[in-house]
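Dear colleague,

A summary of the findings follows it.

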Amino acid sequence: MTHDKLSIIEPEAEDFFDPALQMNPNEGEEVREMEIGTPLHGKRLDMALSELLPEFTRSYLQRLLLDGQIQVLPTQSLFASEAPDAEKVYKPSSKVRAGMRVKVELKPTEQSLAFVPQDIPLEVLFEDEHLRVINKPAGLVVHPAPGNWSGTMLNGLLHMDPQAKFVPRAGIVHRLDKDTSGLMVVAKSRECMDKLVQMIAQRQVHREYLALVQGACPVGKRMEVYQAIGRDPRNRLRMAVVDLATQSGKSAHTSCLSLANHDQHALIYCQLHTGRTHQIRVHLAWQGFPLVGDTLYGGRAIASLSRQALHAFRLSLDHPFTGQHMSWSAPWPHDLQLASQELGLSYNLKNIPVDMILD
């Protein structure tokens with residue numbers, strides 16, 4: 001496969017839907033009982049449920065079924081030759097019959113209980129009626145997840161704007177790792193969210209990063225990394241470069257350019273063309289330049305830094321509604337300034353032009 005024909009696959013809007021946002025955790029359990037009508041006869045159970053409960057995703061309904069929160073009640077089929085089997089174990093792929101009744105228990109999940117407003121300071125660099133641009137500090141988790149069910153940027157967005165609860169994931173359309181600092185764009189409506197997700201998929205949102213890395217990377221060295229990324233089969237906590245012919249993963253492309261070099265460390269400018277989990281961290285480590293402080297991918301810790309040395313310093317896009325070209329910058333954080341000094345790296349970041357590396 002040639003690089004210019006690389007298929008770039010970005011998340012679709014549905015990937016950012018969370019059924020927990022459709023429930024009010026204060027209302028407790030909701031039980032619905034429904035009948036399978038003749039038009040649904042013969043369909044898979046999960047597909048029939050998707051039509052009966054269109055506000056929930058099929059994958060979410062599959063999970064409820066496997067968790068025992070959906071029961072198929074024994075009842076007489078409208079088709080006399082197809083009497084229901086009360087002992088049958090129903091799976092998502094089971095075929096339904098007209099006349100069946102299903103009972104669905106919609107209980108607040110851990111996720112839904114986590115989706116509550118919290119007064120978390122967020123630095124907003126820009127805001128209009130459609131979107132916000134936020135400078136995320138290192139250490140802030142973007143979205144609730146196991147181990148971090150509260151204190152996230154999503155909780156802060158729900159506190160900042162009560163209307164955010166009506167937008168999937170409170171408008172979050174892309175993420176930064178907990179210990180990566182820098183710029184994120186957040187939608188304020190579902191319409192804006194759909195537009196931004198599409199723009200990201202079409203590479204119309206430009207995301208530029210700065211990284212401190214290990215390794216003597218000569219100034220001016222350019223790296224175009226076209227390597228697919230998937231879960232590391234030897235360590236499920238890590239991502240890795242994978243061969244899509246034999247392993248699951250997604251294509252990924254990162255552009256890199258060395259701006260400064262001293263001894264065994266360098267300052268690297270990066271552009272994301274896709275948005276895979278840990279993409280810059282994985283691609284730079286694969287090139288032999290792991291991020292300073294990124295012990296998960298082979299980087300070594302230094303005294304002045306308690307996280308990986310990665311900062312999303314610039315974000316630019318054409319406004320999804322007005323079409324106006326807009327660009328925002330976030331200054332080099334204090335901890336990365338100290339780390340740069342410790343490593344003897346010096347560079348005037350104000351001299352970095354927009355889109356230093358063109359497609």
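**Confidence and findings**

This is a predicted model; the mean pLDDT of the protein is 86, and 84% of its residues reach 70 or more. Residues 1-27 stay under 50 in pLDDT, although the model gives them 66 contacts beyond four places in sequence. The stretch 77-84 is also below 50, with 15 contacts beyond near neighbours in sequence. Where pLDDT is low, the predicted coordinates should not be read in detail.

Two aromatic pairs were found in a search of the whole structure. Phenylalanine 126 and tryptophan 328 form a tilted pair, 5.4 Å centre to centre with 45° between the planes. Phenylalanine 126 belongs to strand β4 and tryptophan 328 to strand β14, so this pair ties together parts 202 residues apart in sequence. Tryptophan 328 is buried, at a relative accessible area of 9%.

The pair of tyrosine 269 and phenylalanine 313 is edge-to-face, with 6.1 Å between centres and 70° between planes. It links strand β12 to strand β13, and so ties together parts 44 residues apart in sequence. Tyrosine 269 is buried, with a relative accessible area of 0%, and phenylalanine 313 is buried at 6%.

Histidine 319 is located in the loop between β13 and β14 and is buried, its relative accessible area being 4%. Its side chain reaches the backbone nitrogen of threonine 322 at 3.3 Å. Beyond four places in sequence, the contacts of histidine 319 include Asp128, His130 and Met326. Lysine 195, 124 residues away in sequence, lies 9.8 Å from histidine 319, C-alpha to C-alpha. The charged end of lysine 195 sits over the ring of phenylalanine 321, 5.3 Å from its centre.

With kind regards

How values were computed. Residues numbered from 1 in each chain as written. Predicted model: local features only at pLDDT ≥ 70, side-chain atom pairs only at ≥ 80, totals over all residues. Heavy atoms only, no water. Helix = DSSP H or I, 4+ residues; strand = E, 2+ residues; numbered from the N terminus. Buried < 20%, exposed > 50% of the residue type's maximum accessible area, 1.4 Å probe, protein only. Contact = heavy atoms within 4.5 Å. Polar contact = N/O pair within 3.5 Å; in protein donor to acceptor, adjacent residues only side chain to side chain. pLDDT = per-residue confidence, 0-100. Phe/Tyr/Trp six-rings, centres within 6.5 Å; stacked < 30°, edge-to-face > 60°. Lys NZ or Arg CZ within 6 Å of the ring centre and 35° of its normal.
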